[in-house]
Amino acid sequence: MPFICAIFTHFNSKERTLTCLSRLAQQTRRPERIVIINNGSASDDTLPAARKYAEETFAADTLHILQMETNLGNAGGCARGLEYAFETLKADFTWVLDDDSWPRPHTLERLIAAPADETTVRVCAVVDPSKGDELSWPLTIADTRPGTWKNIISRQELPEGNHIPSRGGWLGALYPRSSWQKAGLPTENLFIRGEDEEYPWKIRQAGYEFITVLDSELEHPSSPHPLIHYRFASRSFFYEPGLAESRQYYKSRNWAWLQRLRFPRNYPKRLLACGFYIILSINAMLSCNELSIKRIYTLFRALHNGFYGKLRPY
């Protein structure tokens with residue numbers, strides 16, 4: 001039986017953290033270890049309550065809590081958690097969650113049951129129960145032409161079958177030990193809204209593939225506002241209305257930084273991509289009445305920093 005460690009970050013969210021812990025207790029196939037990464041959260045009674053719950057519910061030594069010196073964001077916290085799970089706990093697999101991503105009772109059991117070789121990463125289907133279990137965000141799957149991809153935004157668009165080849169996955173992904181040994185860890189300075197694309201890219205570069213397991217469902221809230229979607233042939237651009245400027249900054253900065261990783265010497269391609277990103281972002285801001293000098297400044301600063309490989313904080 002594989003040794004599985006579930007990890008998730010905690011930051012000022014007692015109710016979400018304890019709910020996630022209780023959902024792990026309800027699994028028909030429980031993980032052997034659970035790691036909570038406390039991201040410099042303000043002192044409260046969450047972690048003592050989590051320890052007490054674990055003592056009453058799980059086997060001894062199941063729960064481990066890592067105390068971070070400051071808020072490292074989801075990317076930084078999970079990087080530390082992955083390292084601890086594989087290096088210290090010697091896990092065979094690490095299951096990446098979040099404090100507001102809650103597995104259903106059969107989620108882990110069905111994820112493990114999905115057929116996969118040693119170079120395949122299995123990923124949960126992330127759904128929003130408040131919207132009839134619709135996909136919480138777009139899912140990128142293989143298109144009909146080899147080597148091409150398309151974005152699925154609704155369950156109705158999904159192909160038949162339970163195991164869908166996909167471009168990557170972060171939340172709900174079951175990473176094998178060998179993928180960490182070959183690809184290393186997520187980049188801590190991405191902070192938020194970057195590890196979900198950067199780390200799967202690293203894993204694919206190391207020779208791994210991803211499948212999304214549709215009957216292995218992870219509950220996670222979707223954006224409160226409908227995404228603005230622009231499609232060009234097989235490419236898509238998504239803008240999320242209502243996003244705080246800080247989150248917009250990290251999303252745009254990390255996107256430009258990833259283009260730098262993918263095309264390190266192709267400056268014209270990256271400049272053109274950034275140009276389209278600016279045009280589409282401003283058009284989306286106009287359409288949802290969010291255009292402001294502050295948002296435009298944030299957009300340009302984020303792309304500039306990412307383009308030149310400077311992962312400066314907001």
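Which residues have the most contacts inside the largest nonpolar core, and how many residues does that core have?

Analyst: This is a predicted model, in which local features need pLDDT of at least 70 and side-chain atom pairs count only at pLDDT 80 or more, while totals for chains, interfaces and linings use all residues. Residues are numbered from 1 along each chain as its sequence is written, and side-chain values use heavy atoms, with hydrogens and water left out.

The largest nonpolar core has 52 residues, and those with the most contacts inside it are Ile7, Trp95, Leu97, Val121, Trp170, Tyr175 and Ile203; a nonpolar core here is a set of buried Ala, Val, Leu, Ile, Met, Phe, Trp, Tyr and Cys residues joined through side-chain atoms within 4.5 Å, and buried means under 20% relative accessible area (1.4 Å probe, protein chains only). Strand 1 (residues 4-10) gives the most to this core, with 5 residues, where strands are DSSP runs of E with at least two residues and helices are runs of H or I with at least four, numbered from the N terminus. Another core, of 15 residues, lies apart from it and includes Ile228, Ala256, Ala284 and Met285.

Leaving aside neighbours within four places in sequence, Tyr175 is in contact (heavy atoms within 4.5 Å) with residues including Phe86, Val121, Trp170 and Ile203. Phe86 is also one of the buried residues of helix 3, among them Cys78, Leu82 and Ala85.

Arg33, found in strand 2 (residues 33-38), is buried, with a relative accessible area of 19%, and beyond four places in sequence Arg33 touches residues including Ile4, Asp61 and Leu89. The backbone oxygen of Asp61 lies 3.2 Å from a polar atom of the Arg33 side chain.

Technical notes:
Buried < 20%, exposed > 50% of the residue type's maximum accessible area, 1.4 Å probe, protein only. Polar contact = N/O pair within 3.5 Å; in protein donor to acceptor, adjacent residues only side chain to side chain.
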